[in-house]
Amino acid sequence: MASIRVAVTQAEPAWLDLAGSVQRACELIAEAADGGARIVAFAEAWIPGYPAWIWARPVDPVLQTKYIYNSLAIKSPEMEQIKATAKKHSIAVVLGFSERSPSDSVYIAQAIISPQGDLALHRRKVKPTHMERTIYGDGSGGDLTNVVELDFGAPLGKLKVGALACWEHTQPLLKYHSITQGEAIHISMWPPIDPTTGVDHPGLWSMTAEGCQNLSQTYAIESGAYVLHSTSVCTQKGIEAMSTQSGLSCRQPGGGHSCIIAPDGRRLTPPLGDGKADTEGLVYGDLDLTQIVATRGWLDTVGHYSRPDLLWLGVDKQHKEVVIPRSTAKQPEPEQETA
């Protein structure tokens, strides 16, 4: 029976601190590897922390500037440090982070780093959610590729691993395109999320801990893949760093609801700390890969349980550039004078 051990983080970052968050990430990577995991999954924008102040007030120029300075660039010593840690411990890392571009824009980004320490995949969230658009830019066509094959060596061999961020799990077309890429293990990344307070909850149920887990479980059912549902923790340190006491997110300590979900949608792991949402740690699981095949024998939404003769999906994966050189038009030949 082929199986792989995985770890899902439920941890607090060093808020708005790039160096501190990278150091903490490397510690968690090492801890997961020491626990026997071959994959470790992080939450959305875990470096340098999810900007929860956006749900408390529309703008905060001081925090936004600090956030840009502490976001992670793809080509940077900090990214090299994370890649080196993955290689040292021979573990795949699926990282959620705020990406700083060369022009100082930021994007909700995901990186899948192989056990060999290579950046196997980098993508951006296709469309930031609601208030996230006050901070982050959109992804582009190339970011529709969200699954990559990783080599874990004998006896596991190669496995396809993919990721989406937060409410990307509400988008039917995006999910379907993801499923066509054939992932065996999917990482579902979320910010700190709080339980619903009932029918009078001030936000949407689909933004609560229960609603977000429901979306991850639905993705597992639709894809027939294991889902690593990763959330982050926000304690009083985060609340004070971002002044979020009166917001919809991070208004009280908590946020952590990480778990592992089977290909048929059932939750496989108990909550950390008996459900205390500010508990930090790693959720471990041993995934029986034969269950993916067994589940898809019943339900394969891109195979035997599809009707491409009736319904199909169109995709444009071309990256959209801000500058497109104009083709040089061929000038007409001058007319020749005749004698």
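I looked up Tyr136 and found a relative accessibility of 4%, so Tyr136 counts as buried (under 20% relative accessible area, with exposed over 50% and partly exposed in between, using a 1.4 Å probe and protein chains only). I note that this is a predicted model, in which local features need pLDDT of at least 70, side-chain atom pairs count only at pLDDT 80 or more, and totals for chains, interfaces and linings use all residues. Residues are numbered from 1 along each chain as its sequence is written, and side-chain values use heavy atoms, with hydrogens and water left out.

I next searched for aromatic pairs and found 3 in the structure. Rings of Phe, Tyr and Trp (its six-membered ring) pair if their centres lie within 6.5 Å; planes under 30 degrees apart count as stacked, over 60 as edge-to-face and the rest as tilted. Trp53 and Tyr67 make an edge-to-face pair, at 5.6 Å centre to centre and 80° between the planes. I recorded both Trp53 and Tyr67 as buried. Tyr67 also pairs edge-to-face with Tyr136, the centres being 6.2 Å apart and the planes at 75°.

I then turned to Val106, which is buried at a relative accessible area of 3%. Leaving aside neighbours within four places in sequence, I listed its contacts (heavy atoms within 4.5 Å), among them Ile68, Ile135 and Tyr136. Val106 and Tyr69 are 37 residues apart in sequence, and I read 9.8 Å between them in space, C-alpha to C-alpha.
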